[in-house]
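Subject: A structure to look at together

Hi there,

Here is the structure I promised to pass on to you. Please open it next to this email, and then read on for what turned up in it.

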Amino acid sequence: MNTMDTKQPLDSDDEEQTYYERSIQPKADQWKKISGDVIRALGLKMKILMTVIFGGLLIGSVILLSFSHNFNDQLLDATSNDQLLAATINGSRKSETPHDKLIGGLLTADFDEPSCVSRYYQSSLYSKPSPYKPSEYLVSKLRSYEKLHKRCGPGTEAYKEATKNLGHDDDNYANKSVGECKYAVWVAVYGLGNRILTLASVFLYALLTERVVLVDQSKDISDLFCEPFPGTSWLLPNDFPLVKQFDGYGRGDSHCYGTMLNNHAISANSTPRHIYLDILHDSRDEDKMFFCPKDQTMIDKVPWLVFKTNVYFVPSLWFSPTFRPELMKLFPQKEAVFHNLARYLFHPTNQVWGMVTRYYKAHLARADERLGIQIRVFADDAGYFQHVMDQILSCTQREKLLPQVVAQEESKVNASTNQKLKAVLVTSLYPEYADRLKSMFWERPSSTGEIIEVYQPSGERVQQTDKKIHDQKALAEMYLLSLTDNIVTSARSTFGYVAHSLGGLKPWLLYQPKDLTVPDPPCIRSTSVDPCHLTPPSHGCDADWGTYSGNVVPFVRECEDREHDGIKLFDEL
């Protein structure tokens, strides 16, 4: 038997292997090939999918990062819409114009912006660029003052040393333990307009005499304004030794400067521990000697000065030959003293600034032109008076600030014409004046075709000084008025003085009516933006004694709205 031809019987395992090799294995190989193809195809798709996902995440991250930056920019530097709004207000659509948030160096960059948004970007977002630039000398002086305040302010060793024995009766106190620092303490009296003007005055005096200004915080000052000096506080501590004496200070007090002069209680050789300065609208001549050089020589030695004042006394500081050269270097544009001091010192809190921005955007932003009218009625039974309304209309229409109204058939302007929108912002304790204007321009068309919209933020009828929300509304209204293009204000009103000076605006001043009749002319355009020093010293000092104070120096002259009862600073001679 040929063994090569003999076929061996297959066992079951061999049979299964042979069957597998013949039928199953080729199919498995085929599936492996198919699976490999599928995996390769899926792998390619997965790579594409992963690339898409990764790319999407990357793009999303960029978008989120961009959004984050934009959000921060909105928080700190105002939104792009607000920038466009600001450009529109400034008479230009060029929103790329860089914003000078430090106002030519007037402000320091050392503050946290969100804590007081009015300080930097927001405070000038809605107003035109001011023509009154701070001098380099003023900027340098302010930086030096900030260092002084940080060295001598509340909580420092210098402050502790200066107050250590302040409550003790010691004739030689001033020569014993005053330390290196001297102070000017401002006590809040009278209304908000008076307080703002007087605080600026006391600060300028402190700047001239290298004193540290400290502010009485018993009222609502911290609810109205942010801290102006970096790294320190201008608020007088509540445990200041003389705080309890503030209410009692008056002309009869032995520490009152005018009384000390009358009693010969102060001289170059006898320096008191502190003096009270009474610079009010009805102060005595002795108290007004404060502005004279010889008196300043004695006062300069006193470590603590406590001011009670309700008048803007800056113009009278120019009488001093000692102060005048320094003042001229600080303020080459003399009429802009308060304007620049206010832009440095006064920054509304976020709550107050929120009132300003919300109202502005809601009512004033769309207007082509904005007119402010501030109405203060000085009368025992103040309220709505027809002669005051007539005076307002006479002034605004005579000066072409508001148009006349005409009968409907006389209107020459087609309704489809692109008409100019003028917003009129009225501030008054009494709503009737705004209501009268509103009705007049609603019921009849204007002679020019302008659309006139009239707004009044509040009308509380009674002045409520020291009531927090009332003072906050009043401050917001001052700032809203300062953001108008033209402004009409009442004579003798410190509220109006603050508003137009904040905005660097030369106002139309409404003369104070007499005998319930409209003055003729009803108003006058001021040639200066600075406020008026009401009831100033009636004469000069030393060689100028007997000379009317409005004639002592050529750029300090009589206020347009007061007759021999007020002086102010002018650039135009």
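Let me start with one term: two residues are in contact when they have heavy atoms within 4.5 Å. With neighbours up to four places away in sequence left out, Asp300 touches Lys182, Thr209 and Arg211.

Before going further, please note that this is a predicted model, where local features need pLDDT of at least 70, side-chain atom pairs count only at pLDDT 80 or more, and totals for chains, interfaces and linings use all residues. Residues are numbered from 1 along each chain as its sequence is written, and side-chain values use heavy atoms, with hydrogens and water left out.

**Asp300**

Asp300 sits in the loop between α10 and β4 (304–309). Those labels are DSSP runs numbered from the N terminus: helices are H or I with at least four residues, and strands are E with at least two. Along the sequence, Asp300 and Lys182 are 118 residues apart, while their C-alpha atoms are 8.9 Å apart in space. Their side chains also make a polar contact at 3.0 Å. A polar contact is a pair of N or O atoms within 3.5 Å; within protein, one must be able to donate a hydrogen and the other to accept it, and residues adjacent in sequence count only if both atoms are side-chain atoms.

Is Asp300 buried or partly exposed? Its relative accessibility is 34%, so Asp300 counts as partly exposed. The cut-offs are under 20% relative accessible area for buried, over 50% for exposed, and partly exposed in between (1.4 Å probe, protein chains only).

Next, find helix α15 (residues 386–398). The expected span of a helix is 1.5 Å times one less than its number of residues. For the 13 residues of α15 this gives 18 Å, and the end C-alpha atoms are 18 Å apart, which agrees. The buried residues of α15 include His387, Val388, Met389 and Gln391. What they pack against is β5 (369–374), α16 (432–443), β8 (486–490), β9 (508–510) and β10 (523–525). After α15 comes Lys400, which has a positive phi, near 60°.

In helix α12 (residues 323–330), the buried residues are Phe323, Glu326, Leu327 and Leu330. Viewed down the axis of α12, they fall within an arc of 100°, so they line one face of the helix. The arc is that of the directions from the helix axis to the C-beta atoms.

**Two buried loop residues**

Phe225 belongs to the loop between α7 (221–224) and α8 (257–262). Its relative accessibility is 5%, so Phe225 counts as buried.

Asp530 is in the loop between β10 and β11 (533–534). Asp530 is buried but has no salt bridge, and the nearest side chain of opposite charge, Lys568, is 7.6 Å away. For charge, Lys and Arg count as positive and Asp and Glu as negative; His and the chain ends are not counted. A polar atom of the Asp530 side chain does lie 3.1 Å from the backbone nitrogen of Phe338.

**Salt bridges**

A salt bridge is a side-chain nitrogen of Lys or Arg within 4 Å of a carboxyl oxygen of Asp or Glu. How many salt bridges does this rule give? The count comes to 19.

One of them joins the side chains of Lys101 and Glu113 (2.5 Å, N to O). Lys101 is partly exposed at 27% relative accessible area, whereas Glu113 is buried at 15%.

Another pairs Asp278 with Arg251 (3.0 Å, N to O). Asp278 is in strand β3 (residues 274–279) and Arg251 in the loop between α7 and α8, 27 residues apart. At 4% relative accessibility Asp278 counts as buried, while Arg251, at 24%, is partly exposed.

Lys568 and Glu560 also meet in a salt bridge (3.3 Å, N to O), and both are buried. Finally, salt bridges that share partners join Glu369, Lys420, Lys422 and Glu450 into one network.

Happy exploring!
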